[in-house]
Amino acid sequence: MKSKLPNFLLVGAAKCGTSSLHNYLNQHSDIFMPTYNKEGMKVKEPRFLIKDLVQNRLPKGVWNWDEYQALFDDIENQKCLGESTVLYLYFYEHAIKNIKKYLGEDVKIIIMLRNPIYRAYSAYSFASRTMQENQSFKNAIDSAYTRYENDKSVSPMILYKELGMYADMVEAYQKNFSDVHVVLYDNFIENTTKEVKRVFDFLGVEDEKVNTKKVVNSGGKKWKSSFMKNILMGNNLFKIIFKLLFPAKLRFLVKETIKKIFMEKADEMDNDVKNELLHYFKADIQKLEKLINKNLSEWKK
């Protein structure tokens, strides 16, 4: 087995702060996590270990074993090598099998969990800012699984309810790996420095000051104008010309400026939908409490 391969994985869940944690861990001098491949393309989430399930549904990923190994070619003397792919948690059976096949059984596992009701709404808000979602939250959660099953090009990220049924996922990782560390989103937001230090301790690296002020992939926004959403996020002639004429950094700055002008705070979740989701998740939350030995009473309100 090649020595330069991950010895820890941040496996999810989506919309639980994983992008921010990835960024903080990658600042540590003794931790290496790939963000770009050899061609300079962003690959923070390689997705290689579940490639058979998502390759045709997601536009970005590393689908080749040689390319996956190459992500770690630039390692110097770092002790901890890791990668972040949030869907390793949902597709746990496939992921666990391939983790053992390619990386071995001694890999450390980090899992981030958030109240599944608010995780679902955050994922919906994110999808609504792209071209993935144009329905109300109620209609979206009711139709998501059928849409996913019937259309093989639909992203698994729209499985708003299913991605939040954490208990079986966590239990499977606990049964298959001896080192599993769970970070709760609320604790992570309330005292980021403390939670990052706990992850450093789990990985066995010295505490080191990192910049935890930057929040990556923050949500809570919606488009004011469907026209601007379609212009900026859809496949159209404007985007093709824009990409041909301007370099990537300038395109990024223009897009961020447009978003600031044409986006506003997202609406609050409807209480009836919230109560429906609470009923849906309640038994799973109770099972999860026992698995991770944490009081999750705030999730059940």
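Reader: How many helices and strands make up the secondary structure of the protein?

Author: Helices (H or I, at least four residues) and strands (E, at least two) are DSSP runs, numbered from the N terminus, and here the secondary structure comes to 14 helices and seven strands. This is a predicted model, in which local features need pLDDT of at least 70 and side-chain atom pairs count only at pLDDT 80 or more, while totals for chains, interfaces and linings use all residues. Residues are numbered from 1 along each chain as its sequence is written, and side-chain values use heavy atoms, with hydrogens and water left out.

Reader: What percentage of the residues in the protein is buried?

Author: Buried means under 20% relative accessible area, exposed over 50% and partly exposed in between (1.4 Å probe, protein chains only); buried residues make up 50% of the 301 residues in the protein.

Reader: Is Thr192 buried or exposed, and which residues does Thr192 touch?

Author: Thr192, which lies in helix 10 (residues 192-203), counts as buried because its relative accessibility is 15%. Contact means heavy atoms within 4.5 Å, and, not counting residues up to four places away in sequence, Thr192 touches Tyr24, Asn187 and Thr212.

Reader: Which residues touch the most other members of the largest nonpolar core?

Author: A nonpolar core is a set of buried Ala, Val, Leu, Ile, Met, Phe, Trp, Tyr and Cys residues joined through side-chain atoms within 4.5 Å. The largest one has 89 residues, of which Leu9, Tyr68, Ile110, Leu113, Tyr160 and Tyr173 touch the most other members, and helix 14 contributes the largest share of this core, seven residues. With neighbours within four places in sequence left aside, the contacts of Ile110 include Phe8, Leu9, Val11, His181, Val199 and Phe202.

Reader: How do the axes of helix 7 and helix 14 cross?

Author: Axes are lines fitted to C-alpha atoms, for helices over the stretch in contact, and angles run from 0 to 180 degrees between N-to-C directions. Angles under 35 degrees count as roughly parallel, over 145 as roughly antiparallel, 65 to 115 as roughly perpendicular and the rest as oblique. The axes of helix 7 (residues 137-150) and helix 14 (residues 271-292) come within 10 Å and cross at roughly 30°, so the two helices are roughly parallel to each other.

Reader: Which residues of helix 7 and helix 14 meet?

Author: Phe137, Lys138, Ile141 and Asp142 in helix 7 meet Val273, Glu276 and Leu277 in helix 14.
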